Amino acid sequence: RSTDPPPPCPPGIPVFGNLFQVDALRPHPQFLKWAQKYGSIFSLKLGPQRMIVLNTAAAADELLVNRSKVYSSRPSLHVAQDLVSDGQRMVFMPYDREWKVTRRNLQGVIGPGPSKRLREMQELESRVVLYDLICHGDQSITEVHVPGPNGEVPERHWFSVIRRYTTSVVMHLAYGKRVHRILNSPQMRKVYDVMSNFTRVAQPGAYLADTIRPLRWLPGILAPWRMKALKMHEWEMELWGGLLSECRASLKKGIYHSGFVPSYLRARAEVGCEDLPGTGVTPDGTGWMRDKLLAYTAGSLLEAGSDTTAATIQTFMLLMLHHPDALARAREELDRVVGVERMPGWDDEERLPWVIACIKETLRRRPPTIMGMPHRVDEDDVYEGYHIPKGSTVIGNIWAIHMDPVRYRNPAAFDPERFYDKDKMPKWASGPDSSHRDHYAFGWGRRFCQGSLMAEASLFIVLSRLIWGIDFYAPLDPRTDKPMLPDFGDEVQTWSGGFVSSPFIFPVGFRPRSEKHAEIMRTAFDDVQGEWQAMGLEEDER
Ligand code: HEM
């Protein structure tokens, strides 16, 4: 009922409301303060728009899951979605037919069944990570690495080794080809550049035209952001459209790759729809994705799957270096369960509860999508006596939920013990089932992360193998002889802004734990080259 009061709202200024109180790139510290003041739900006025923020698991589950029928849309991001993405980026689509068709198609590629088949590729690629890290040695400690002006990662840094892995796995999934080089890999670099740019333009509050609709109709001379956004679209299309064109050209030459896009193009060709230029889906019952939507959907896989997983691995490393006791315990578990004669594999997962608890605690303590992704409510609603107006942006405040001391005792501590039970088989318990969830890093309801199973598999195989085989260490401060590590709690110095927040580069050294471990890792890398050959894929170039 519109006569019910809105959820409590911090005082703002006339017309703009709270717009200028929100740091678009790093809203979560301020949102946590408001959550601590106002409780499970508060609202903000961003110009004429209302934003509702849900700060407890109970509130988010009730609205975003139980009432997901009306809470599954996305706010209209004029600049990031309409202009930069020409409306084709799946993660920001409203809850409409186009989104449903896209989500259904992706379910056939990364849903529960297919994600089991992806494990083969994750296993093979993880061997390359181990080899790259042992070859990397002290490089990130002894060399000077300067990030680019927008936080770009230097190619020779160990962050690139991790990025190559995550991007190669999704590149293979999308286009049936690998990222087989770390240096001189312009496509991989561009995926991260596009992503980093997009996370900044898409942050709620980044553009006044997102919130104040009349600004969208200003003439070009008064709206310089419009031309800039359209240029960004062209720049993005050089990558996403370029990958699609390459794939189509290969098919025309009779070269068949596996992967989502080649299979989709073949299926389309079989029904006489080889060329479907334009955006969106065809109006017929099948709803074929047209070219630009297809290019952007493959791009969404690359974006959603690369940075989030890489950021979690990098955060895990930082946490382990800050918590040597937790690391020692993980290593002891791996030595006991796996031994030194082989590296860990999928069958060990259920016997490594501490390793899994450390990964889950990483996702809780510092989720990469720290504020989740905004939802939009499509009907007027009432929650706890508060009116939630139709069209409001609704945020599941993952950060506040993960820092809720009622749900997580001493939430600022890194404490894998909270997820550890040595007598029970470990479960990921990360959703979408709300009745049994350990953390909320993957969001909620009908927009729940489609790649969560794939992400967890990557985290498990890479991190368990890394701890098993490699000693990693931070450089020592010559004055104090203590490890020099970024301050975990320093938002500005340690963490990037935008809706995927990852640590800025930090130096780490790597060496095999023993000659035996080294031999197994080197042999696994040599063997995998034969596998690539047999699969018709590029061998690693180093
Ligand atoms: C640790 C890694 C990851 C994290 C923390 C993460 C987190 C998220 C979050 C919070 C959302 C939004 C959920 C919501 O709106 O409530 C999301 C959406 C999505 N994620 Fe992930 N994600 C990860 C990895 C992946 C991977 C590996 C893929 C696939 C390759 C993927 C594919 C997607 C897709 C397609 C969506 C859009 C869903 C939609 O809008 O309908 N994610 N993810």
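Helices (H or I, at least four residues) and strands (E, at least two) are DSSP runs, numbered from the N terminus. The structure described here is a predicted model, in which local features need pLDDT of at least 70, side-chain atom pairs count only at pLDDT 80 or more, and totals for chains, interfaces and linings use all residues. Residues are numbered from 1 along each chain as its sequence is written, and side-chain values use heavy atoms, with hydrogens and water left out.

The loop between α16 (398-402) and α17 (452-469) holds Cys449. The SG atom of Cys449 is the single protein donor to the iron atom of the ligand, at 2.3 Å. Donors are N, O and S atoms within 2.8 Å of the metal (3.2 Å for Na, K and Ca); water is not among the atoms, so sites may look incomplete.

Backbone geometry was examined next. Most residues other than glycine have a negative phi, and most peptide bonds are trans. The bond from Gly431 to Pro432 is cis, with omega near 5°. Pro432 is placed in the loop between α16 and α17. Asn410 is also found in the loop between α16 and α17. Asn410 is not a glycine, yet its phi is positive, near 50°. Val15 has a positive phi as well, near 65°. Val15 belongs to the segment before α1 (28-38). Its relative accessibility is 68%, so Val15 counts as exposed.

Helix α13 (residues 291-322) has 32 residues, which at 1.5 Å a residue should span 46 Å; the end C-alpha atoms are 47 Å apart, in agreement. The expected span of a helix is 1.5 Å times one less than its number of residues. Of the 32 residues of α13, 30 are buried, so the helix is largely enclosed by the rest of the structure.

Two packed helices are described by the angle between their axes and the distance between the axes. The axes of α13 and α14 (residues 324-337) come within 5 Å and cross at roughly 105°. That makes α13 roughly perpendicular to α14. Axes are lines fitted to C-alpha atoms, for helices over the stretch in contact, and angles run from 0 to 180 degrees between N-to-C directions. Angles under 35 degrees count as roughly parallel, over 145 as roughly antiparallel, 65 to 115 as roughly perpendicular and the rest as oblique. Met320, Leu321 and His322 in α13 meet Pro324, Ala326 and Leu327 in α14. By class, this contact has 5 nonpolar, 1 polar and no charged residues. Ala, Val, Leu, Ile, Met, Phe, Trp, Tyr, Cys and Pro count as nonpolar, Asp, Glu, Lys and Arg as charged, and the others, Gly among them, as polar. Contact means heavy atoms within 4.5 Å.

Helix α4 (residues 97-110) was treated likewise. Its 14 residues should span 20 Å at 1.5 Å a residue, which agrees with the 20 Å between its end C-alpha atoms. Trp99, Val101, Thr102, Arg103, Leu106, Val109 and Ile110 are its buried residues. These pack against α5 (112-117), α8 (158-175), α12 (260-270), α13 and α17. In helix α2 (residues 57-66), the buried residues include Ala57, Asp61 and Leu64. The buried residues of α2 pack against α16 and against strands, among them β2 (49-54) and β6 (393-396).

Leu466 is found in helix α17. At 1% relative accessibility, Leu466 counts as buried. Beyond residues up to four places away in sequence, Leu466 touches Leu130, Leu133, Met317 and Phe472. Its C-alpha lies 9.9 Å from that of Ile134, 332 residues away in sequence.

Arg26 is located in the segment before α1. Its relative accessibility of 17% makes Arg26 buried. Neighbours within four places aside, Arg26 contacts Glu491, Val492, Trp495, Ser496, Gly497 and Phe504. Arg26 and Phe499 are 473 residues apart along the chain, with 8.2 Å between their C-alpha atoms.

Pro94 sits in the loop between α3 (78-84) and α4. With 33% relative accessibility, Pro94 counts as partly exposed. Apart from neighbours within four places in sequence, Pro94 is in contact with Ser73, Arg74, Trp99 and Arg447.

Note on methods. Buried means under 20% relative accessible area, exposed over 50%, partly exposed in between (1.4 Å probe, protein chains only).
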